[in-house]
Amino acid sequence: MLTLASKLKRDEGVKAGRPPGGPSDSSHRVSIRDRLLIKGTCKASFPDENKLHHFQLAVSPDEGYYQSGTFHFEIDVPEAYNMVPPKVKCQTRIWHPNIAETGEICLSLLREHSIDGTGWAPTRTLKDVVWGLNSLFTDLLNFDDPLNIDAAEHHLRDKLPKSWSGIRLLLT
């Protein structure tokens, strides 16, 4: 069975000049969790080390409206992954145009079926999901097709400067 861990090990071995399937050099090991992280703004944790298909992600944007906040997501990777996207839910209550107050997320790559072709595909990876969640707080804010219409209208009505970090006050 091809797994993310085996692929990463094989790719690392080829880069280091070792034949695929050969012995690995433990000094060059990098955990899967560390490979998924972005610019230090994302941190993955596994509540149960025996369930690697279930993990949590903390996103701490370093720019934009949500700068200085920390937002927690729960990610479940189904057995049918890579054919279906992981299930993602925001655990932090947030006022965001693309995240409902109940935690549902509007991110095209998490859609199993998408008319515009930007939805999930077997070629997508968990790293794409982490990048997408991180980008929800910076460059993927979507005010044209929001999930939380009230939050989008509020933003468009009362535009705030990008450096304003007081948005955290809206969190409970």
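1. Let's start with Cys106, which sits in the loop between β4 (87-90) and α3. Helices here are DSSP runs of H or I with at least four residues, strands are runs of E with at least two, and both are numbered from the N terminus. The UniProt annotation "active site", from an unreviewed entry, covers Cys106. UniProt positions are given in the numbering used here, feature names are shortened, and annotations may be inferred rather than shown by experiment.

2. Before going further, a word on what you're looking at. This is a predicted model, where local features need pLDDT of at least 70, side-chain atom pairs count only at pLDDT 80 or more, and totals for chains, interfaces and linings use all residues. Residues are numbered from 1 along each chain as its sequence is written, and side-chain values use heavy atoms, with hydrogens and water left out.

3. Is Cys106 buried or exposed? Cys106 has a relative accessible area of 18%, so this residue counts as buried; the cut-offs are under 20% for buried, over 50% for exposed and partly exposed in between, with a 1.4 Å probe and protein chains only. Setting aside residues up to four places away in sequence, Cys106 touches Asn98, Arg111, Leu136, Asp145 and Leu147. Contact here means heavy atoms within 4.5 Å.

4. Now the overall layout. The chain has 4 helices and 4 strands, and along the sequence they follow the pattern α-α-β-β-β-β-α-α. Of its 172 residues, 34% count as buried. Among contacts with a separation of 6 or more, 51% come from residues 24 or more positions apart.

5. On to the strands. β2 and β3 run antiparallel and are joined by 6 bridges, with Gln56 standing opposite Glu74 in β3. β3 also pairs with β4, again in the antiparallel sense, over 4 bridges; there, Asp76 has Lys87 in β4 as its bridge partner. For strands to pair, DSSP has to find at least two bridges between them.

6. β3 itself has two faces. In a regular strand the side chains alternate between the two faces of the sheet. In β3, the covered face carries Phe71, Phe73 and Ile75, while His72, Glu74 and Asp76 are on the uncovered one.

7. Phe73 deserves a look of its own. Phe73 lies in strand β3 and is buried, with a relative accessible area of 1%. Apart from neighbours within four places in sequence, its contacts include Phe55, Leu57, Val88, Cys90, Ile99, Ile105, Leu133 and Phe137.

8. Which residues touch the most other members of the largest nonpolar core? In this set of 27 residues, they are Leu57, Phe73, Val88, Ile99, Ile105, Leu133 and Phe137. β1 (42-45), β2, β3, β4 and α3 each supply at least two residues of this core, and α3 gives the largest share, 4 residues. A nonpolar core is a set of buried Ala, Val, Leu, Ile, Met, Phe, Trp, Tyr and Cys residues joined through side-chain atoms within 4.5 Å.

9. Helix α3 (residues 126-135) is mostly covered, with 7 of its 10 residues buried. Among them are Leu126, Val129, Val130 and Leu133. Leaving out neighbours within four places in sequence, Leu133 is in contact with Leu57, Phe73, Ile75, Val88, Ile105 and Leu107.

10. The aromatics are worth a stop too: the structure holds 6 aromatic pairs. The rings of Tyr66 and Phe71 have centres 5.9 Å apart and planes at 85°, so this pair is edge-to-face. Tyr66 and Phe137 also make an edge-to-face pair, because their ring centres are 5.5 Å apart and their planes are at 75°. Tyr66 is in the loop between β2 (54-59) and β3 (71-76) and Phe137 in the loop between α3 and α4 (149-157), so their pair ties together parts that are 71 residues apart in sequence. Tyr66, Phe71, Phe73 and Phe137 form one aromatic cluster. For the record, rings of Phe, Tyr and Trp (its six-membered ring) pair if their centres lie within 6.5 Å; planes under 30 degrees apart are stacked, over 60 edge-to-face and the rest tilted.

11. Last, the cysteines. How many disulfides does a search of the whole structure find? The count is 0, where a disulfide would be a pair of cysteine sulfur atoms within 2.5 Å. Cys42 is buried at a relative accessible area of 4%, and Cys90 counts as buried at 4% relative accessibility.
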